[in-house]
Amino acid sequence: MPEKPNETVKIKSAKKMRDLMTAYYLEALSAGQNHKQVAWITSGGPVEPLVAMDIIPIYPENHGAMIGSAKMGEDLCAKAEDMGYSSDLCSYARADIACSVVKGGPIGGLPRPDMLICCNNICGTVLKWYEVQARFYNVPLFIFDTPICHTAYSPEIAKYVRTQIDEYILFLETVIQRKLDHDRMNEVGKLSLEGQRLWQKVLNTTAHKPSPMSAFDAFFFLALIVTLRGTRIAVDFYKELIEEMEQRIRDGVSSIPNEKYRLLWDNLPVWYRLKWLSSKFSDHNACLVADTYTSAWCGTIKYIDENHFLDSMAEAYTRIYLNIGVDQMADEVLNMIRFYDIDGFVMHSNRSCKPYSFGQMDIMRIVREKTGIPVLMIEADMTDPRSFSESQVETRIDAFMEIIKQRRG
Amino acid sequence: MKDIEFFHDAVRHIPETASQIKKQGRKIMGYLCSYAPEELIHAAGFHPMRLFSSKSDIILAENHLQSYCCSLVRGILEDSLNGRLDFLDGAVFPHTCDSMQRLSDIWRMNNRYAFFADVVLPAKLNTESSGIYMTDVLTRFKKDLEAAIGKDIPDTEVKASISLFNQIRKNLSALYDLNSRHPGIISGRDLYALVKGSMIMDRKEASDRLANIVSHLNKISPPVKPGKRLILSGSVCDTPDIFDAIETAGGVLVGDDLCTGQRWFEGPVMEDTPPLSAMAQRYRDRVTCPAKHSGLTTRAENLVSQVKKNQADGVVFLMLKFCDPHTFDYPYLKEHLDGAGIKSMAFEMDDQQQSLAQFSTRIETFIHMI
């Protein structure tokens, strides 16, 4: 899991979160001994049926984030390049593909999958990546195909995705030779929705001035809503985290010592430079209070009907932030700028993530036109440090903060 | 031969070709991918024209797409923003890769032409529900076109277009077959001008001229052209000098796995079934683009069988830099070729590639080796 940046008063829940994630990975790594099956699933994939069927979900993307934070990305990515994969491909995919072969990384590789679940609502890269892994492990692959909603969620898309939910459950039942218990499924659906609502509430606490936590904390606390969505563990944890945030607000404890400027982050984190970026902004009394990335795990609550979870899940999983048109993404950014009262927008142009990064320049123009706030674009990669230039990024952050300071007076 | 020259002219001077078509009162609909439902565009009375980059310097597109976006996508956006595609009345974006997906958004938001449509095809092609969805998407696209022209497109028109496009496919297949049996009967440069021209020119004219060319080539006595028999694999190959370089190095092309080649034209649309489901079926049956899924090893099996069928000596992978789907597939395709004892080489290039000196050296070495 990602390392935790320094802060004034530590968030106490961080230790519990680390313990929960350690327990989760230990259980997953001993799945074979406990006669449990493991499914690898994409970060935006429909995990709830897995939880309801007692299959352990594993997220190679979360593993990618751990590899990046542990600064092991360069080595693993280079190994994938030796295997013939271009250095221009997604660094999560490169690191994971190499890790499967060499059993490297911070936890010595992920537990072997019994099946693979690929939902392409985040990108086309996962389709290719999971094909590679399905060939390597020789296990069944289910592709949950969620057509992009450039302008609308059309009736044809709705019908196609809904049909695939039945196909997905049939696939799982066939692989594990056990039927889905629909009562259990309803229960997991309710927990998933509750977890998403709580996660949204956690993120909302940063609207307070000064903010009790930062986007860097959100990158860290995100892991549970991704990996343990649909479980009581996530629900209970986020309840405690909200309590702690509310207490911090009451006590006047802020994320950075002297918050003067509030920033919004776009795209995945730069996992191997979290601490550096956090202190860089903090030195300018700037707090990254929100981001477009962590809110993706609670952005489609409005489409979920808790009494018909499986039916409504089709729309919720299809209309996530990355699977909509760039103009709709810009609208969401503008909403966040208003809600969090943002002074500047920091965009990570991420070589590893084309659907997230292409269109950013148009979003930048729209944000400038509609709000007038300064926008900074940083060129980097989420896991592979070879395309990160510290001195260049530093200079640009300094210049960007100067403009914000002049503008705010 | 005059007919072949005609194709060269059409692709060399695309704005002039477009203006000739517009003079006949036809509106021009651009598209960027081999999955574009050209038959429907044609049946609606539009002229379907595949867009290629003019390979000009990237200036305006720099404000929309970062440098790690592929040269084809950036190049076509540059042409559009620069006004070089002002002959277009609209454009159609079938869903394929992440870069095309975002190009569609940027194109729509820039709003330069009267008509715009996304054709959000499925990413997987090998399930029953994706087949139904494919037909539903084509039905939706037909309605979009009907809304644009203000009238229904009768099935008879769609069938007539399908029949015309099938003629083009049949003739291009015949040319490839002929060239595989008698390599050198047509040069690579000529052959690819015919393919590209067939995506650009008036289709009736293309079809008639292709038929003439096939019948002409069938009559001449084939040259004896020894050379290493090669298959080209990749996405778009819009660099005719590549074909010259291969031939100069002692190679002959006997087939390809390109979306500006056989992937685009192989296999007819069935004419005895309802037209939209027949078109959907062809997209599911044809050799796939790696942005689509039709099985875990389907592409490798196709490539190996294509090599065997054409008795090829090797495969040349041409990869556009930053093309994720193709670069992801390369290691496994190579592994399958190695397993079948088939030699291959890979070359990464830009659509705006300035110099082919490096390619020439590589291909010469490769040809000596096989």
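Here are some friendly notes on this predicted model, taken point by point.

1. **Ground rules.** Residues are numbered from 1 along each chain as its sequence is written, while chains are lettered from A and ligands numbered from 1 in the order in which they are written. Because this is a predicted model, local features need pLDDT of at least 70 and side-chain atom pairs count only at pLDDT 80 or more, whereas totals for chains, interfaces and linings use all residues.

2. **Confidence.** The average pLDDT of chain B is 96, and 100% of the residues score at least 70 (pLDDT is the predictor's confidence in each residue, from 0 to 100). For the model, both ipTM and pTM are 0.97.

3. **Chain A overall.** Chain A holds 16 helices and eight strands (DSSP runs numbered from the N terminus: H or I of at least four residues for helices, E of at least two for strands). Its C-alpha trace spans about 65 × 50 × 40 Å along the principal axes.

4. **Inside chain A.** Of its 409 residues, 56% count as buried. Here buried means that 20 or more other C-beta atoms lie within 10 Å of the residue's own, exposed means 12 or fewer, and partly exposed is in between, with C-beta atoms placed from the backbone. Among contacts between residues at least 6 apart in sequence, 78% join residues at least 24 apart (a contact has C-beta atoms, placed from the backbone, within 7 Å).

5. **Where the chains meet.** Chain B gives 40 residues to the contact and chain A gives 39 residues. On the side of chain B that touches chain A, α5 (98-110), α6 (128-149) and α14 (324-339) of chain B each supply at least two residues. That side divides into 19 nonpolar, eleven polar and ten charged residues (nonpolar: Ala, Val, Leu, Ile, Met, Phe, Trp, Tyr, Cys and Pro; charged: Asp, Glu, Lys and Arg; polar: the others, Gly among them).

6. **A helix to look at.** The buried residues of α13(B) are R299(B), A300(B), L303(B) and V307(B). They fall within an arc of 100° seen down the helix axis, so they line one face (the arc is that of the directions from the axis to the C-beta atoms). These buried residues pack against β5 (228-234), β6 (251-257), β7 (314-320) and α14 of chain B. On the other side of α13(B), S305(B), K308(B) and K309(B) are exposed.

Methods. Contact = placed C-beta atoms within 7 Å.
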